Amino acid sequence: MAYRFIDEHRGEFGLRWLLAHMGICVNAYFNYLKQRKAEYKTQREEVFDEIKTVYHEVDGIIGHRSMRVFLERKGIRLSKTTIHKYMNKILHLQCICRRRKPGYRKGHAHKVFPNLLGQNFVVEQPNRIWCTDFTYLFLQNGAVRYNCTIIDLYDRSVVASVNDRWMTSDLAIRAVNKALACTGCDATKLILHSDQGSQFTSLEFVLYCKELGITQSMSHAGCPYDNAPMERYYNTLKAELIYQHYFEAAEALDHAVSEYAYY
C-alpha cells in the first residue's frame, strides 16, 4: 500500500508540474475533465433514449445489428459491439429470439420435378402459379405445430393455410384442397411450386397432383431463393404475429394464424 501511495503521489506531482510548466491552471484542467465527462454522460443518455424508442416502436423484434441501422438513419454511428453492450448489459433490452427447429430427417423422394419458375415470381393472372411450403410454430410449452400455406404469386395473397400436429403429405393435400375449394380455379391450368420436401415429392402427393392435372415445380435443393415469396411470408408471419404473443393452446394458435393469413 505504501508503494502504491508513493506512485500515485509521484504521478499527481508530475502532472501538476507538467501543467505548471505549460502555464495551465491545475483546477481548470480538472474542471475540464469533469465537464467532458458530464457531456459524455449526457450524450450517452440521449443514445439510450433513442435505443429505447426504436426498440418499443418495433415491439422488440430487432437486435443490436438492426438497431445499428436504425440509429445510423438518425445520425448516430456506433459499433455493433457498443450497441450490443448498451442493449444487453445496461438497458436489458432483449430481442425476440427464434427457437431452434426440431430435428428433421428428409425422407426418400418418389419424384423430383424441375424448377419451372427460375426465380421469376411475376404473374399476370390470378390462380396460375401458387407457392407452398411448411414451417414450424411453437406453443408456449414448447410443443410444435406445423403450418402449410399456399399463396398466389399474382398478388401474394394467401389462398390456403392449414395447421396440424404432424408435417405429412396429408397436410399438404388438405391445404391444396382448401385452396381449390376457396378459389374454384381450374387445376389443369395451375403450377404448384414448392421445395423438395418429402411431403411434396411423396408418391401420395405426386399422384394427387397428377389426378387433378396440377403441374408441379420445385426449387433446387438447398436454395431458398427459388421459393423466396414463401420464405418472406413466413418470416413476416413470425415477426408480426408468432413472436409477439404467447400461445398456450393449439386452438388459439390456429385461430390467430388463420386470421392473420386471411384478414
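**Patch, faces and cores**

Biologist: What makes the nonpolar surface patch?

Modeller: In this predicted model, Trp 17, Leu 18, Met 22 and Ile 24 make a nonpolar surface patch of about 420 Å².

Biologist: Where is Trp 17 placed?

Modeller: Trp 17 sits in helix α1, residues 2–21.

Biologist: Why is Trp 17 called exposed?

Modeller: Exposed means over 50% relative accessible area. Trp 17 has 52% relative accessibility, so Trp 17 counts as exposed.

Biologist: Now helix α4, residues 80–90. Which of its residues are buried?

Modeller: Ile 83, Tyr 86, Met 87 and Asn 88. Buried means under 20% relative accessible area.

Biologist: How do you know that the buried residues of α4 line one face?

Modeller: Look down the axis of α4. The buried residues fall within an arc of 165 degrees, so they line one face of the helix. On the other side of α4, Thr 81 and Lys 89 are exposed.

Biologist: What follows α4?

Modeller: His 92 does, and its phi is positive, near 55 degrees.

Biologist: Which residues are buried in helix α3, residues 64–73?

Modeller: His 64, Met 67 and Leu 71.

Biologist: What follows α3?

Modeller: Gly 75, whose phi is positive, near 85 degrees.

Biologist: Let us turn to the cores. Which residues touch the most other members of the largest nonpolar core?

Modeller: The core has 31 residues, and Trp 130, Ile 150, Val 176, Leu 180 and Phe 205 touch the most other members.

Biologist: Which elements give two or more residues to this core?

Modeller: Strands β1 (129–138), β2 (144–152) and β3 (157–164) do, along with helices α5 (169–183) and α7 (203–212). α5 gives the most, with seven residues.

Biologist: What does Ile 150 touch?

Modeller: Leave out residues up to four places away in sequence. Ile 150 then touches Trp 130, Cys 131, Thr 132, Ser 157, Val 158, Val 159, Ala 160, Ala 175, Val 176 and Ala 179. A contact needs heavy atoms within 4.5 Å.

Biologist: What lies apart from this core?

Modeller: Another core, of 22 residues. Val 123, Ile 242, Leu 253 and Val 257 are among them.

Key:
Residues are numbered from 1 along each chain as its sequence is written. This is a predicted model: local features need pLDDT of at least 70, side-chain atom pairs count only at pLDDT 80 or more; totals for chains, interfaces and linings use all residues. Side-chain values use heavy atoms; hydrogens and water are left out. A nonpolar core is a set of buried Ala, Val, Leu, Ile, Met, Phe, Trp, Tyr and Cys residues joined through side-chain atoms within 4.5 Å. Buried means under 20% relative accessible area, exposed over 50%, partly exposed in between (1.4 Å probe, protein chains only). Helices (H or I, at least four residues) and strands (E, at least two) are DSSP runs, numbered from the N terminus. Patches are made of residues with over 30% relative accessible area and no salt bridge: like charges are joined within 9 Å, nonpolar side chains (Val, Leu, Ile, Met, Phe, Trp, Tyr) within 5 Å. Accessible areas come from the Shrake-Rupley method with a 1.4 Å probe; for residues, only the protein chains shown count as cover. A salt bridge is a side-chain nitrogen of Lys or Arg within 4 Å of a carboxyl oxygen of Asp or Glu. The arc is that of the directions from the helix axis to the C-beta atoms.
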